[in-house]
Amino acid sequence: MMVDLLKELCRVVLPLYPHKSLSTQVLVRQTPALGKHLSGRSRSCTSVNHRKLVRNGEEKKSVIWLEGNIASGKTTCLEYFSKTSEIEVLTEPVSKWRNVQGCNPLGLMYQDPSRWGLTLQTYVQLTMLDRHVLPMSAPIRMMERSIYSAKYIFVENLYKSGKMPEVDFAVLSEWFEWIIKNIAIPVDLIVYLQTSPQTCYERLKQRCREEEKVIPLEYLESIHNLYEDWLIHHKSFEVPAPVLVIPADHDLKKMLYQYEENREKILMAHC
Ligand SMILES: Nc1ncnc2c1ncn2[C@@H]1O[C@H](COP(=O)(O)OP(=O)(O)O)[C@@H](O)[C@H]1O
Ligand SMILES: O=c1ccn([C@H]2C[C@H](O)[C@@H](COP(=O)(O)O)O2)c(=O)[nH]1
């Protein structure tokens, strides 16, 4: 009778938890739709990346990239989610960009982008790649930006604004293409903090990072437009995962409320 009871339990319960399957079969599952904030087109063009392979009941880990303009509130958002036990947070390695063996490529780039853009972006590419391949220590990883935005937003901006020579752009592009072809860079969801450039300008001044004092509003407008073309209008580059857009011009209290409202959608990237 006990055996029958167990069999019945397995029959009813196991189909509800396919990822906990005890068989050796490999299951391919599609993550549930993320509701109205998800951009439909990015979902459809990235279905392969968004599939989850689950073997032997192994837990699937999820990677979320937090994208947004300079001073849009990414670090503040990560601080908030770092309090959740199943989430590990990786901030951008800005301190390295400000100090590599006593040199400051971030500061040099802002002083003379044509001369130092390649230097900074080469180092950004290396340090972001290092972040992407770090073994995960929690079921969900939220990381600030990605090797993709370094290329599609910042390198692109330097080149399009005439501040990066064609040869530097070509070398960085070949490096980037080699990396994404040969090294697995997982991503399940992109959370985009959508702000107006004006809001970022005010927050940037408030943060007062020494190197960034020279940044004009126009620079933030260019970065904003590149982000919008990539993640909202799908006019520039492939989007490697579904996009959850969070309007981020609001004060801190409202932002924390919105993060709470979106918690489930973010955690669902893990299902
Ligand atoms: N919702 C908000 N309202 C007002 N100020 C904010 C808000 N979010 C962040 N800030 C402030 O704006 C500045 C930039 O925020 P930060 O989280 O460092 O942005 P990012 O990591 O995107 O560059 C910081 O001084 C931060 O305290
Ligand atoms: O590829 C990149 C990425 C970032 N930067 C710059 C932009 C900002 O000055 C800092 C990062 O600060 P956030 O406040 O986290 O946006 O680094 C870049 O030049 N290139």
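Which residues point one way from E5, and which the other way? In this predicted model, Ile 140, Met 142 and Glu 144 point one way from strand E5, while Arg 141 and Met 143 point the other way, and all of them are buried. The protein chain holds 12 helices and seven strands, and buried residues make up 32% of its 271 residues. Of the contacts in the protein chain with a separation of 6 or more, 75% are between residues 24 or more positions apart.

- Strand E5 spans residues 140-144 and is mostly covered, with five of its five residues buried.
- In a regular strand, the side chains alternate between the two faces of the sheet.
- Strand E3, which covers residues 62-68, pairs with E5 in the parallel sense over five bridges, and within this pairing the bridge partner of Val 63 is Arg 141 in E5.
- Strand E4, made of residues 87-90, also runs parallel to E5 and is joined to E5 by four bridges; here Val 89 has Met 142 of E5 as its bridge partner.

**The nonpolar core**

- The largest nonpolar core contains 54 residues, and those with the most contacts inside it are Ile 64, Leu 66, Leu 189, Ile 190 and Val 191.
- Helix H8, running over residues 147-160, gives the most to this core, contributing eight residues.
- Once its neighbours within four places in sequence are left aside, Val 191 is in contact with Ile 64, Leu 66, Leu 244, Ile 246 and Ile 266.
- In soluble globular proteins, nonpolar side chains tend to be buried together.

**Surroundings of ligand 1**

- Ligand 1 is surrounded by 15 residues, of which the closest are Gly 73, Lys 74, Thr 75, Thr 76 and Arg 203.
- Helix H4 (74-81), helix H10 (197-207) and helix H12 (252-268) each supply at least two residues of this shell.
- Sorted by class, the shell around ligand 1 has four nonpolar, seven polar and four charged residues.

- The residues around ligand 2 include Ile 70, Ala 71, Lys 74, Glu 92, Val 94, Leu 106, Leu 120, Gln 121, Val 124, Ala 150, Phe 154 and Glu 212.
- Helix H7 (113-132) and H8 are the elements that give two or more residues to this shell, and H7 gives the most, with three residues.
- By class, the shell around ligand 2 consists of eight nonpolar, one polar and three charged residues.

**Helix H7 and what covers it**

- The buried residues of H7 are Trp 116, Gly 117, Leu 118, Leu 120, Gln 121, Val 124, Met 128 and His 132.
- What covers these buried residues includes helix H5 (94-98), helix H6 (105-111), H8 and helix H9 (166-182).

- Ala 71 is found in the loop between E3 and H4, and its phi is near 65°, a positive value in a residue other than glycine; Ala 71 counts as buried because 22 other C-beta atoms lie within 10 Å.
- Gln 101 has its place in the loop between H5 and H6 and, although it is not a glycine, has a positive phi of about 50°; Gln 101 counts as exposed because 4 other C-beta atoms lie within 10 Å.
- Glu 79 lies in helix H4 and counts as exposed because it has 12 C-beta neighbours inside 10 Å; Glu 79 and Gln 198 are 119 residues apart in sequence and, from C-alpha to C-alpha, 23 Å apart in space.
- Arg 209 is located in the loop between H10 and helix H11 (217-232), and it counts as partly exposed because it has 16 C-beta neighbours inside 10 Å; Arg 209 and Phe 154 are 55 residues apart in sequence and 18 Å apart in space, again from C-alpha to C-alpha.

**The annotated domain**

- According to an unreviewed UniProt entry, the annotation "domain: Deoxynucleoside kinase" covers residues 64-267.
- In the model, the end C-alpha atoms of residues 64-267 lie 10 Å apart, and the span is 56% helix and 12% strand.

Terms used
Residues are numbered from 1 along each chain as its sequence is written. Chains are lettered from A and ligands numbered from 1 in the order in which they are written. This is a predicted model: local features need pLDDT of at least 70, side-chain atom pairs count only at pLDDT 80 or more; totals for chains, interfaces and linings use all residues. A residue is buried if 20 or more other C-beta atoms lie within 10 Å of its own, exposed if 12 or fewer, and partly exposed in between; C-beta atoms are placed from the backbone. Two strands pair if DSSP finds at least two bridges between them. A nonpolar core is a set of buried Ala, Val, Leu, Ile, Met, Phe, Trp, Tyr and Cys residues joined through C-beta atoms within 7 Å. Two residues are in contact if their C-beta atoms, placed from the backbone, lie within 7 Å. A residue is near a molecule or strand if its C-beta atom, placed from the backbone, lies within 6 Å of it. Ala, Val, Leu, Ile, Met, Phe, Trp, Tyr, Cys and Pro count as nonpolar, Asp, Glu, Lys and Arg as charged, and the others, Gly among them, as polar. UniProt positions are given in the numbering used here, feature names are shortened, and annotations may be inferred rather than shown by experiment.
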